[in-house]
Amino acid sequence: MIKKLNARNIDAKECFYGHKACGGCGESLALRLALKVLGEEAYLSLPAGCMAAVSFIYPNMAFKNNAVITPFASTAAVATGIAAGLEALGKEAPLSVGFAGDGGTADIGIQSLSGAIDRGEKFIYICTDNEAYMNTGIQKSGLTPFGAATTTTPAGKAIHGCVTEKKNMFEIAAAHGISYAATASIGYPEDFLNKVQKAKECDGPAYIHIYTPCPTGWGHGSEITVDLAKEVVDTGLWFLAEYENGEFRLNKKPENFKPVADHLKRQARFRHLSEIEITQIEEMRDRKWEKMLKNWG
Amino acid sequence: MSKSVLMKGNEVLAEAAIRAGCTHYFGYPITPQNEIPAYMSKEMPKRGGCFLQAESEIAAINMVFGASGAGARVMTSSSSPGLSLKQEGISYLAGAELPCVVVNMMRGGPGLGGIAGSQADYFQATRGGGNGDYRTIVLAPGNVQEIADLTVQAFDLADKYRMVVMILGDGYLGQMSEPVILPEPDVKPVPKPWAVSGAKGREPNKVMSLRLTPDDYLEKHNIHLQELYKKVEGEVTQSEAYMTDDADYLIVSYGTSSRIARKAVKMLRNEGVKVGLFRPVTLWPFPMKELHDLSKKVKKVLTVEMSAGQMLEDVNIAVNGVTEVDFLGKLGGALPEANEIVKIVKSYG
């Protein structure tokens with residue numbers, strides 16, 4: 001039986017510190033928490049993105065771990081190569097971990113991720129989802145939600161931000177018959193820590209998709225990052241779930257959802273939305289939950 | 001005449017493209033060219049065009065392949081590592097003789113490199129870049145006004161020769177704001193009877209770069225391409241000669257580095273040193289004859305570029321031993337300094 005992790009028994013050692021991320025960065029918090037579980041023995045692969053840009057600034061290398069910056073499309077491929085290389089060197093049970101953002105995962109990186117899961121590679125892939133390409137200046141990705149304004153889905157009179165919904169990366173990963181997949185949010189850190197622990201222990205590929213607000217890209221105060229990440233789960237716009245042994249499971253089923261409008265209006269990227277669109281977002285949420293409760297309940 | 005406006009290089013490029021009749025733009029985020037997709041995402045829907053953010057550079061260039069095959073005026077833009085990903089698609093476009101405009105706002109490499117401007121993709125741009133025997137026309141603007149002018153030219157050249165035309169700028173030019181007179185919208189539609197525009201009432205068109213049969217089909221196609229490139233070499237070469245009439249020394253430089261070289265020429269002229277600047281505007285075809293003729297009249301040629309000596313190879317081919325060729329290269333996004341150039345040229349005397 002694996003010991004449940006919480007704020008009291010979590011490792012005090014830091015493996016990710018001294019980085020140059022913005023104040024209130026959600027993504028860097030996800031990395032910091034994950035590495036407390038994975039430890040300094042994990043070998044990290046990160047593609048181009050904020051986390052690479054803020055942590056590999058010579059001589060202030062922010063990772064205590066061995067880490068590699070990969071070509072954009074290839075986080076999971078490089079992580080595969082690292083695992084194979086370490087095995088060839090006689091390393092027992094090497095822990096190869098990929099960290100990539102939403103664009104690096106759902107858009108350009110999905111091919112190599114799919115390949116690695118399909119091969120049954122023993123590796124962990126953590127998608128830190130801040131819902132747009134933030135490092136290059138807030139461009140829409142496949143994980144940008146409906147209605148969000150980005151620099152390539154500007155909110156104008158005719159088109160009110162992003163017209164597509166988020167790609168279901170968690171379910172796409174699960175559809176491979178993956179050993180372990182989960183969703184998480186930095187608003188629920190204990191849940192995340194224990195999911196990382198499960199990913200570490202599982203025998204095969206593991207995928208964790210974590211929701212990480214971005215004050216710079218979303219236009220919110222840096223002090224409410226964690227609040228938003230909690231609220232998004234409480235409003236039902238994001239969900240905490242797992243896929244294990246071929247079964248889906250919801251970890252949290254809010255009895256009543258918190259109001260969506262208040263949550264959205266705290267973020268500049270949604271401020272242009274009309275009541276009609278906010279209702280549309282609620283309807284999309286309800287449809288999603290109806291399906292999840294029916295199929296995974 | 002149009003009024004001069006202050007605009008950023010990348011945005012000027014996007015606006016000039018729309019005015020030149022670009023109806024389709026396919027992009028993907030990468031610094032330092034992000035203002036191009038951002039501008040296109042705002043303007044294209046308003047002006048009846050198509051902006052599409054692809055899921056990768058590979059997808060973007062192949063959307064260009066599709067749109068160009070259908071007969072649209074189409075563009076994509078990226079920066080160095082992104083251009084590397086586009087090279088397969090560019091080779092296919094060249095193989096199928098599809099016109100399009102590809103923008104590379106270069107940054108330092110190799111690999112992910114940095115985000116500061118660089119000129120280290122000269123080889124990749126002028127030597128084909130992908131597989132097979134092909135060329136792309138490469139235009140190298142030296143200032144924001146020229147970004148506007150060459151963008152319009154790029155679309156016309158692409159359609160005229162059915163070739164990929166690359167605009168080779170760099171991060172400094174893309175991010176630089178300068179006064180610019182934007183071109184008047186002037187679309188010169190070119191008939192495209194080869195396009196896959198619907199085969200009703202005619203034989204269907206095939207767009208392809210695969211040529212398996214009969215035996216000599218691919219060879220013949222390549223001979224045809226080489227003849228086309230010869231014709232282009234004779235027709236589209238552009239360059240600028242600045243203070244070269246009485247020059248003892250000649251600096252050869254393009255794009256951002258030519259701006260610094262021009263300043264060095266002015267500084268040296270103030271001190272009585274007879275020096276001039278030769279600036280290739282087309283990097284392929286390279287202005288071989290123009291440079292060769294000038295080099296015969298000078299004691300020494302100094303090549304200045306932000307790479308380890310890529311254009312230097314073309315300079316050496318052009319000069320062909322008639323005078324000595326010296327080199328100043330800056331690597332990884334570093335810029336040459338005018339004082340440095342002045343010092344080197346003075347050491348020749």
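Me: In what order do the five strands of the open sheet in chain B stand?
Reply: The model is a predicted one. In it, five strands of chain B form an open sheet with mixed pairing. Their order is E9-E11-E10-E13-E14.

Me: Which strands of chain B stand at the edges, and why is one side of each left without a neighbour in the sheet?
Reply: An edge strand here has a single partner strand, so one of its sides has no neighbour in the sheet. The twist from one strand to the next averages 20 degrees. The edge strands of chain B are E9 (239-242) and E14 (324-329).

Me: In which sense do E13(B) and E14(B) pair, and over how many bridges?
Reply: Strand E13 of chain B covers residues 300-305. Within this pair, B:Glu305 stands opposite B:Gly329 of E14(B). The two strands pair in the parallel sense, over six bridges.

Me: Which strands of chain B does helix H12 touch, and what angle does its direction make with that of E13(B)?
Reply: Two helices of chain B can be taken together here. Helix H9 (residues 255-270) packs on the sheet, touching E9, E10, E11 and E13 of chain B, and its direction makes about 165 degrees with that of E11(B). Helix H12 (residues 338-348) also packs on the sheet and touches E10, E11, E13 and E14 of chain B. The angle between the directions of H12(B) and E13(B) is about 165 degrees.

Me: How many nonpolar, polar and charged residues does the contact of H10(B) with H11(B) have?
Reply: H10 (residues 288-295) and H11 (residues 311-319) of chain B pack at about 65 degrees with their axes 8 Å apart, and the crossing is right-handed. B:Met288, B:Leu291, B:His292 and B:Ser295 of H10(B) meet B:Asp314, B:Val315, B:Ile317, B:Ala318 and B:Val319 of H11(B). By class, the contact has six nonpolar, two polar and one charged residues.

Me: How are H1(A) and H7(A) oriented to each other?
Reply: H1 (residues 26-38) and H7 (residues 189-201) of chain A pack with their axes 9 Å apart, at an angle of about 45 degrees. Angles under 35 degrees would count as roughly parallel, and 65 to 115 as roughly perpendicular. H1(A) and H7(A) are therefore oblique.

Me: What is the handedness of the crossing in which H1(A) passes H7(A)?
Reply: Residues in the contact include A:Leu33 and A:Val37 of H1(A) and A:Phe192 and A:Val196 of H7(A). By class, the contact divides into nine nonpolar, one polar and one charged. The crossing of H1(A) with H7(A) is right-handed.

Key:
Residues are numbered from 1 along each chain as its sequence is written. Chains are lettered from A and ligands numbered from 1 in the order in which they are written. This is a predicted model: local features need pLDDT of at least 70, side-chain atom pairs count only at pLDDT 80 or more; totals for chains, interfaces and linings use all residues. Side-chain values use heavy atoms; hydrogens and water are left out. Axes are lines fitted to C-alpha atoms, for helices over the stretch in contact, and angles run from 0 to 180 degrees between N-to-C directions. Helices (H or I, at least four residues) and strands (E, at least two) are DSSP runs, numbered from the N terminus. A crossing is left-handed if the near helix is turned anticlockwise from the far one by less than a right angle, and right-handed if clockwise. Contact means heavy atoms within 4.5 Å. Ala, Val, Leu, Ile, Met, Phe, Trp, Tyr, Cys and Pro count as nonpolar, Asp, Glu, Lys and Arg as charged, and the others, Gly among them, as polar. Two strands pair if DSSP finds at least two bridges between them. Angles under 35 degrees count as roughly parallel, over 145 as roughly antiparallel, 65 to 115 as roughly perpendicular and the rest as oblique.
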